[in-house]
Amino acid sequence: GSDDTTKTNYIAVHVIPGPPAGDDQEACVNQEIPPLEATGENIAWYSDPSLDTLVFQGNSFETGDTLPGVYPYYVTQNVNGCESSSVVITLTIFALPEVTLAPCDPVCVNTEPFDLTNGQPAGGTYFGPGVEAGLFNPFDAGAGVHTLGYTYSDENSCSDTAYQDITVLEA
């Protein structure tokens, strides 16, 4: 003999979801580090490509990374108990450029305005008393000790500033 039983909706087959969506983030060291964001359901963040080390669950991940470097995270989503393949979302933290401003020799108040050229790397901006468009005018600054600054921004939009004093002598 035989017997048949029919069960409707007995087995549910779910499609494996696609990986979540998210964008890489970049920041300069010593600035606010943005969280990594992923769009999807039941987001999981892993620190390794084999998905063995779960470091966070949720759509917005504050990594805690603060030092210069490239930090890849492997992100999945889970829909109806099925985990997607991973996508890599990377946080890149850039170091600040090394900015220097060489010491300035003392000048007399009646010295003609002159180009400031002692800031490195080249291409930055000078500022301070008596400085306009990269020229230092001792007369405009006046006699005394003045602090000049030099700011430089690199290709990653990271910037730093160096300072030096200049002495303007009475004529």
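Burial, backbone and overall form in a predicted model

User: Why is Ala 133 called exposed in this predicted model?
Analyst: The relative accessible area of Ala 133 is 80%. Exposed means over 50%, so Ala 133 counts as exposed.

User: Where does Ala 133 lie, and what makes its phi worth a remark?
Analyst: Ala 133 sits in the loop between strand E16 (131-132) and strand E17 (135-136). Its phi is near 55°, a positive value in a residue other than glycine.

User: Why is Asn 80 called exposed?
Analyst: Asn 80 has 54% relative accessibility. The cut-off for exposed is over 50%, and 54% therefore puts Asn 80 in that class.

User: Why does Thr 63 count as buried?
Analyst: Its relative accessibility is 16%. Buried means under 20%, so Thr 63 counts as buried. This residue is in the loop between strand E6 (60-61) and strand E7 (69-76).

User: Which residues are in contact with Thr 63, leaving aside neighbours within four places in sequence?
Analyst: They are Leu 36, Tyr 73 and Leu 91. Each has heavy atoms within 4.5 Å of Thr 63.

User: What makes the pairing of the Thr 63 side chain with the backbone nitrogen of Asp 65 a polar contact?
Analyst: A polar atom of the Thr 63 side chain lies 3.1 Å from that nitrogen. The limit for such a pair is 3.5 Å, and 3.1 Å therefore falls within it.

User: What is the geometry of the peptide bond from Gln 120 to Pro 121?
Analyst: The bond is cis, with omega near -5°. Pro 121 itself is in the loop between strand E14 (119-120) and strand E15 (125-127).

User: How many helices and strands does the protein have?
Analyst: There are 1 helix and 19 strands.

User: How do you know whether the protein is spread out or compact?
Analyst: The radius of gyration is 29 Å, whereas the globule rule gives 16 Å for 171 residues. The value is well over the rule, so the protein is more spread out than a compact globule. The C-alpha atoms fill a box of roughly 120 × 25 × 20 Å along the principal axes.

User: What share of the residues counts as buried?
Analyst: Of the 171 residues, 35% do. The accessible surface is about 10500 Å², and 48% of that belongs to carbon and sulfur atoms.

Technical notes. Residues are numbered from 1 along each chain as its sequence is written. This is a predicted model: local features need pLDDT of at least 70, side-chain atom pairs count only at pLDDT 80 or more; totals for chains, interfaces and linings use all residues. Side-chain values use heavy atoms; hydrogens and water are left out. Helices (H or I, at least four residues) and strands (E, at least two) are DSSP runs, numbered from the N terminus. Buried means under 20% relative accessible area, exposed over 50%, partly exposed in between (1.4 Å probe, protein chains only). A polar contact is a pair of N or O atoms within 3.5 Å; within protein, one must be able to donate a hydrogen and the other to accept it, and residues adjacent in sequence count only if both atoms are side-chain atoms. The radius of gyration is taken over C-alpha atoms; the globule rule is 2.2 Å times the number of residues to the power 0.38. Accessible areas come from the Shrake-Rupley method with a 1.4 Å probe; for residues, only the protein chains shown count as cover.
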